[in-house]
Amino acid sequence: MAAALADGTTTSVALTQAHLDRIAAVDGAVHAFLHVDAEGALAAAARSDERRAEGAVASPLDGVPIAVKDVLATEGLPTTCGSRILEGWIPPYDATVVTRLRAAGLPILGKTNMDEFAMGSSTEHSAYGPTHNPWDLDRIPGGSGGGSAAAVAAFEAPLALGTDTGGSIRQPGAVTGTVGVKPTYGGVSRYGLVAMANSLDQVGPVTRTVLDSALLHELIGGHDPRDSTSVDAPLPDLVGAARRGAEGDMSGVRIGVITELGGDGWQPGVMARFQESLDLLVAAGAEVVEVSCPSFVHALATYYLIMPCEASSNLAKFDAMRYGLRVLPEGVDSPSAEDVMRATRDAGFGDEVKRRIILGTYALSSGYYDAYYGKAQKVRTLIQRDFDAAFGKVDVLVSPTAPTTAFRLGEKLDDPLAMYLNDLATIPANLAGVPGISVPSGLADEDGLPAGFQVLAPALADDRLYRVGAALEAGLTEKWGGPLLAQAPDLSGES
């Protein structure tokens, strides 16, 4: 699309309008968007066309539209985090990544659906209804960023931003046949991201190709003085790494297969596509070895203590006093601030958010802090040490992105623990702060639904993700005779 804009084949206004038309045609079935800003997107597109006519292009992606997960602050556009408690709230400022998108000239199509406050693995916990997987509308699109992944998979947006706290970019990418990247923690600004768990959250790209992710990552990445967790270091050459990887030469690259992430209990079709992907990388010249990371078996339990603790602290600010929803308790003539807060939080938060607030508050309470939260932080250190030891032997680590393909809507709503298991392979990267990418690995034999191949790299070595991911993508695309999404169902009845 950027090339078509550059050579005058199309205009940003035409491109943006085409995506708005696609949203109008299929989003009633998919429900990827919570808010569509047609007027703002077309106005930004017109400005892009004016810049191009004047020879003053703002970036390589100037004029290419994008969708933004509704957890990122957008000045003048609603930011609800998929929750009733923020229904109708319009931020007075942009998140840094949104500021960078606007400065680069990307029209923002709208805000995408998500699990409430990013809590979930299926985008069924949105207060505004679930998003549907474009491959099968009765299936989940992953979570918490299922809206962004579904929008890209359904061709409603060519690019999207998501956030990844325990796999919320990579797992939706795997089950929708898209590319999802969790950058190194601190490599992309978190300023203006409504935090669930500050030490885990990271903004990243959701796209249809590895090169697209590299292009978007370079636009949004880099140091931000307004974010105290931002890393003051230059980004590696991500686009160059993706282009190099697409040439298909993996000579000299050592790949470690994580022993603990696979085997019994993993869907056979997912494991079959994973093995085929490994074989392609070996054929391209990579050396593959098995690597054991024994502490990874405790990652799920560790994450589901640390994350709720941070979430319960972060969500305390939604108190009905300053912004968002305010509910007056029934039958109380002169309600106190505490009465209003209790009634508002009861009405405004969904079941999953309440569950995690209760769990986190309990784990942080007097007498339990050391037994739960303190111990989880110690195990987190062991997981980080496992990564350090592994990266002393190999360049990247790999595993399937998720244990299964997309499950049916409603299938796991009554079993939160089964839902949490979907993040089994993605969580370790968030606990250690290392970057990860999910690349489509094919369709599982059992159900014909997409599976994902995950690549993890050392902190600040995000370029390794793009090199390996692009090499795998090139090999698989050649094998399939085209991109995986070309095999997806036609939602609109149009070509």
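**Entry 1, the loop.** I began at Asp227, which sits in the loop between helix 7 (210–220) and helix 8 (238–246). I'm working from a predicted model, so I keep that in mind throughout.

Is Asp227 buried or exposed? I looked up its relative accessible area and got 6%. Buried means under 20% here, so Asp227 counts as buried.

Next I asked what Asp227 touches, leaving out residues up to four places away in sequence. I found Val188, Ser189, Arg190 and Tyr191.

I also checked Asp227 against Ala4, 223 residues away along the chain. Their C-alpha atoms are separated by 36 Å.

Helix 7 is mostly covered, with eight of its 11 residues buried. I wrote down the buried ones: Val210, Ser213, Ala214, Leu215, Leu216, His217, Leu219 and Ile220. Just after helix 7, I noted that Gly222 has a positive phi of about 110°.

Skipping residues up to four places away in sequence, Val97 touches Leu72, Leu161, Val188, Ser189, Val203 and Ile220. Val188 and Ser189 are on that list, and they are also among the residues that Asp227 touches.

Which residues have the most contacts inside the largest nonpolar core? I got Leu72, Val97, Leu106, Phe117, Leu161, Leu281 and Leu397, in a core of 103 residues. Helix 10 (residues 299–314) gives the most to this core, with nine residues. Another core, of 17 residues, lies apart from it; among its members are Leu20, Leu109, Ala157 and Ala160. A general reminder to myself: in soluble globular proteins, nonpolar side chains tend to be buried together.

Last, I zoomed out. I count 16 helices and 11 strands in the chain. The radius of gyration is 22 Å, close to the 23 Å that the globule rule gives for 495 residues, so the chain is as compact as a globular protein of that length. Its C-alpha atoms fill a box of roughly 70 × 55 × 45 Å along the principal axes.

Of the 495 residues, 57% count as buried. I took the contacts between residues at least 6 apart in sequence, and 76% of them join residues at least 24 apart. The chain exposes about 18,200 Å², with carbon and sulfur atoms supplying 53% of that.

For charge, I have 37 positive and 61 negative side chains, and the centres of the two sets lie 5 Å apart.

Terms used: Residues numbered from 1 in each chain as written. Predicted model: local features only at pLDDT ≥ 70, side-chain atom pairs only at ≥ 80, totals over all residues. Heavy atoms only, no water. Helix = DSSP H or I, 4+ residues; strand = E, 2+ residues; numbered from the N terminus. Rg over C-alpha atoms; globule rule 2.2 N^0.38 Å. Buried < 20%, exposed > 50% of the residue type's maximum accessible area, 1.4 Å probe, protein only. Contact = heavy atoms within 4.5 Å. Areas by Shrake-Rupley, 256 points an atom, 1.4 Å probe, with all protein chains shown as cover. Lys, Arg positive; Asp, Glu negative; His and termini not counted. Charge placed at Lys NZ, Arg CZ, Asp CG, Glu CD. Core = buried A, V, L, I, M, F, W, Y, C linked by side-chain atoms within 4.5 Å.
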